[in-house]
Amino acid sequence: MSLLDCAPTALLLSLQVAGVVLVLFLVAGIALGYALSQPFPLRGLLDALVSLPLVFPPIAIGFFLLMLCGRHGAIGGPLHEWLGWDLVFSFPALVLAAFIAGLPLVVKPIQSAIEGQARELIEVSCTLGKGRWETLFLVVIPVIRRHIAAGLTLGVGRSFGEVGITLMLGGNILGSTETLSLAIYNRVLDGNFDCATRLSVLLGVLSLSLFMLLRRLGRL
Amino acid sequence: MSDRETSLEAIIDFSHPGFRLCLNIQVPTAGVTALIGPSGCGKSTLLRLLAGLETPAAGHIRHGDQVWFDRARRIDLAPRHRRVGLLFQDYALFPHLNVARNIAYGLPRGVDRDTAIALWLSRLQLDGLAARRPDALSGGQRQRVALARALASEPAVLLLDEPFSAVDFSLRQALRLLFQEVVADRPVPTILVTHDLEDVRQVADRVGVLIDGELRQSGPTAEVFAQPCDAEVARVLGWHNLLPVSSWDSRTACGAWGSLPLALDEPTISADVIAIPPDGPRLDPERGLPIEVVRVTDMGGYHAVWCRLSDRSPLRVHLPRSAPCPTPGLRTRLDVPVETIIPLPARSAALPFALPLTTATLARRDP
């Protein structure tokens, strides 16, 4: 039995989700890490929200998001009513689940690097006449690129392995919102340990490859 | 352009838990103004406040006619608009950029980049290093790159935080000379923060002594070094022989170390300490303070003699090479000429803080 027979669409779906969240992490991770390293009102609240998935059970986060984003939720309701669009049990729901689960793992290393090695360089850049955006692109990103790579590795790795939030928001619909991790879960429930083993090895190889690739990029 | 038009004036009240910086400074464009003081007195914080990297609780900062900060008028110019050349203690060179790109980072618009880089490489003796990254430079080279970067940005004010502290002694001397060549003649207010008295003596035209967040004394360098206003300032300025006075008996100062006559018409009641310049006293077995010689060092032009007084207070005396050199362990007496003894208060008031820092007062003065 080949891998495709085990979970025909799960691999492609997981790669698609990983690709989209990688881009989102790159943008939001750097922006949030940079913002959280600067003093501004309500910084503590934003920091707590970003860090929440590290300490809060994923299944509970998924449940709250389901309530919020469902057809009758505070966010999902207007989306359904005005745009006719249902967020839950869709590809964007999988992306949202992976994004929320991995975000703190991307933001924290970046924030820590900016507060540490980049803080003085940011100040120098400002005194030399550069604004926040110029400083971000000319100094911060090049200086902390290794930390960015490390954060992306952790975040995307986490998104590959995400189950709790994905299960709630994505609905675990076979052939539609079944990611690799959920496929392993489903095969174990079916008693198909052979498939579960193959998929687990595949997921491990994928995560390791990603780790090697991003580490190499961070060294450049 | 007159000096008034480009000088830097600041009235600053800044505090964070356990520390308050409260001062009034005016820095003219001509020459270098040094700020010295013990660790934690607020020297580096003051530079950060002037650069806009920290925000005062009250006061104002003005460069010529341009207001950089005014709490009353809610003006707080961002660091990038203040045009401050700030040289950090550890230089803070951009590690991902080579020397040329570090220097060019803050070049004003319209300046020819290649010409400016070549000029500053040459002026700071960095020829041949343009393509090197900071991690491939020595401490002295890094210092010069950081200085070139700050100067190339054509700053309106130059702020230097311990610029020579990270290089060794021999290199420090050469860097001071180079610094004087490229910085001292520039018509911009320049503040040098240091704890090295040699930096102050060799480079600064004026000096301010900062203690516990207050400007205790300021003036021309030679004048401040010669006449400290109190014992704390004297200690900061490297004065050695400061003896606490417990009582005044007519024209005599007494302490646990003994007693000494004073050449004053009236006893200086406010003086708590007497200072004995090391060049004044002479060894005389017949009269003076009883001492024990602890160590003698040949300083080239003179002998430095470290002694202990009767209460074991240390005292340093400089004896000319022509005078007999004592041996350690010798118990003798020290004749201190009365005219050399300087009475000092233990602590004087800070320099007048121009105004009570209420916003109303500031608003009236700066309409």
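Which element gives the largest share of the lining of the largest pocket? In this predicted model, α6(A) does, with 6 residues.

The largest pocket is lined by 24 residues. Those nearest its centre come from both chains: Q38(A), P39(A), R132(A), G52(B) and L53(B). Two elements give two or more residues to this lining, namely α6 (91-127) of chain A and α3 (79-82) of chain B.

The second largest pocket has 25 lining residues, and L128(A), K130(A), Y105(B), G106(B) and L107(B) lie nearest its centre. Here α7 (132-143) of chain A gives two or more residues to the lining, as do α3, β7 (84-87) and α4 (99-104) of chain B.

In chain A, an unreviewed UniProt entry lists residues 11-214 as "domain: ABC transmembrane type-1". Over residues 11-214 the chain is 81% helix and 0% strand, and the end C-alpha atoms lie 20 Å apart.

Chain B contains an open sheet of 3 antiparallel strands in the order β12-β16-β22. Its edge strands, β12 (242-244) and β22 (342-344), each pair on one side only. From one strand to the next the twist averages 30°. Between β12(B) and β16 (residues 273-275) of chain B there are 3 bridges, with the strands running antiparallel. P244(B) stands opposite V273(B) of β16(B).

Technical notes:
Residues are numbered from 1 along each chain as its sequence is written. Chains are lettered from A and ligands numbered from 1 in the order in which they are written. This is a predicted model: local features need pLDDT of at least 70, side-chain atom pairs count only at pLDDT 80 or more; totals for chains, interfaces and linings use all residues. Side-chain values use heavy atoms; hydrogens and water are left out. UniProt positions are given in the numbering used here, feature names are shortened, and annotations may be inferred rather than shown by experiment. Helices (H or I, at least four residues) and strands (E, at least two) are DSSP runs, numbered from the N terminus. Two strands pair if DSSP finds at least two bridges between them. Axes are lines fitted to C-alpha atoms, for helices over the stretch in contact, and angles run from 0 to 180 degrees between N-to-C directions. On a 1 Å grid over the protein atoms alone, a cavity is a set of points where a 1.4 Å probe fits but cannot get out, and a pocket is an open set with protein on both sides within 12 Å along at least five of seven lines; lining residues have an atom within 4 Å of a point.
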